[in-house]
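Welcome to this short tour. Please open the structure in your viewer and keep the selection tool at hand.

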Amino acid sequence: MARRGTNLDRVGDFNDAVVLDAIRRSEQLSRVELAEATGLSGQAISNIARRLLDAGLVREAGRLRGAGLGKPRTLLELEPTGRYAVGVHLDPSVVTVVLLDLTGEVVARRVVDQYADDPDPLIDGIAKTIEDVVVASGAPRERVTGVGIAAPGPIDVERGVVVDPPNLSTWHLVPLRDQLQERTGLPIILDKDVTAAASAERWAGQGGSFVFFYLGTGVGAGLVIGDEVIRGASSNVGEIGHVIVDPDGPVCFCGRRGCVGEASQPRYLVAQAVRAGVLAGGIDLDDRLAVEAAFAELCASAGEPGAARDIVTTLAARIAKVVEDIANLLDLDRVVFGGPHWQQLAPVLGDAVRTALDGRFLLQAVHPFEVTGTALGADVGAIGAASLVLDRTFSPNPSLAGER
Ligand SMILES: [Zn+2]
């Protein structure tokens with residue numbers, strides 16, 4: 001298969017990226033330590049360090065006085081303002097834009113406010129919000145390396161096209177990458193929301209083997225195995241939304257009943273809560289804002305034992321079954337939950353999933369299995385999208401060495 005191209009500018013050469021990556025992982029390193037860590041010669045490190053300093057990607061950060069003899073060693077660290085990356089998370093209910101500095105810190109954030117379902121005005125809104133975020137941060141525009149977009153699947157990565165996102169009824173085969181590139185003039189990469197979220201967790205320093213379980217307008221799974229983001233044949237890995245967890249559950253848009261994606265939606269949980277008498281009747285289930293408000297009320301009530309909590313623990317058992325199968329299949333060491341609905345369900349759902357999984361993970365005797373929530377909060381999709389740009393630009397990936 002031919003290598004896929006990208007129009008992102010990648011850092012100098014492979015060895016420059018290796019050195020930059022070593023500095024990023026350790027936060028601060030001297031030239032001597034860099035030579036030890038990378039296997040490159042002292043002279044090579046010296047030349048590369050000079051290039052990275054000149055390019056404004058690293059800076060000197062004081063001196064380290066060793067116990068032995070010899071002159072003190074100058075430490076190198078990333079220059080946070082050296083480069084920036086934009087991340088856009090296209091979720092059908094909210095579109096978030098963030099700007100990360102070179103160390104991966106969020107320096108500015110905005111929600112697209114002219115929200116529209118139609119692709120054209122929404123893409124205009126995203127382009128304008130990107131400009132606003134860059135201006136608000138004070139980052140020089142020429143240091144913005146590119147824009148990552150995290151979009152719901154399925155997507156056509158090759159052509160930069162969003163195919164048929166659930167709950168965005170007017171979106172069909174939208175060439176989002178090229179249209180946003182035209183409007184911003186910046187290099188753009190498009191990837192799946194769950195892959196971006198998994199990449200953000202990994203970039204934040206949490207490697208290993210895990211599934212990122214995304215609970216939003218759709219449900220999906222991002223995968224990192226052996227510290228590598230898994231993408232599948234067409235970068236559409238993680239479509240688990242239609243695993244059936246309740247044969248008597250709600251009818252899904254796929255035509256079947258009880259898919260985990262549909263059974264996790266606030267709309268369905270709110271309807272259940274009305275039937276159980278937890279919420280007052282008369283909620284318009286087609287009104288997104290009304291459903292969101294009712295869902296927040298349901299989540300708050302679930303803090304106490306009772307019917308509201310039972311609804312959430314039943315959901316937890318269903319989700320746990322899906323997590324169990326993925327974890328056993330792929331020999332994972334943890335599940336990381338995230339996404340807008342997770343934030344609200346977390347206080348009850350996390351423990352309930354842990355309880356439901358107890359004793360069901362087959363490899364328990366060999367290694368533990370952890371249930372955690374993302375440390376990156378509700379913006380994990382947008383942060384992930386930007387981290388894909390940083391990763392693509394600055395990580396030493398031999399398989400991408402020929403990419404330009
Ligand atoms: Zn379905």
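**Stop one: the aromatic rings**

Select F213 to begin: with a relative accessibility of 0%, F213 counts as buried. Keep in mind as you look around that this is a predicted model.

How many aromatic pairs does a search of the whole structure find? The search finds two. One of them joins F213 and F337 in a tilted arrangement, 5.3 Å centre to centre with 55 degrees between the planes. Now colour the strands: F213 sits in strand β11 (residues 210-215) and F337 in strand β14 (residues 334-338), so this pair ties together parts that are 124 residues apart in sequence.

Now select W342 as well. Why does the pair of F337 and W342 count as stacked? The ring centres of F337 and W342 are 5.0 Å apart and their planes lie at 15 degrees, so the pair is stacked, the cut-off being under 30 degrees. Both F337 and W342 are buried. Show F213, F337 and W342 together and you have one aromatic cluster.

**Stop two: the zinc ion**

Centre the view on the zinc ion. Which atoms coordinate the zinc ion? They are ND1 of H242 and the SG atoms of C252, C254 and C259, at 1.9 to 2.3 Å. The angles among the four donor atoms run from 105 to 119 degrees, and the site is tetrahedral. Along the chain, the donors of the zinc ion follow the spacing H-x9-C-x1-C-x4-C. To finish, highlight C252 and C259: both are buried.

Key:
Residues numbered from 1 in each chain as written. Predicted model: local features only at pLDDT ≥ 70, side-chain atom pairs only at ≥ 80, totals over all residues. Heavy atoms only, no water. Donors = N, O, S within 2.8 Å, 3.2 Å for Na, K, Ca; no water. Tetrahedral: all angles 85-135°; square planar, octahedral: opposite > 155°, others 65-115°. Buried < 20%, exposed > 50% of the residue type's maximum accessible area, 1.4 Å probe, protein only. Phe/Tyr/Trp six-rings, centres within 6.5 Å; stacked < 30°, edge-to-face > 60°. Helix = DSSP H or I, 4+ residues; strand = E, 2+ residues; numbered from the N terminus.
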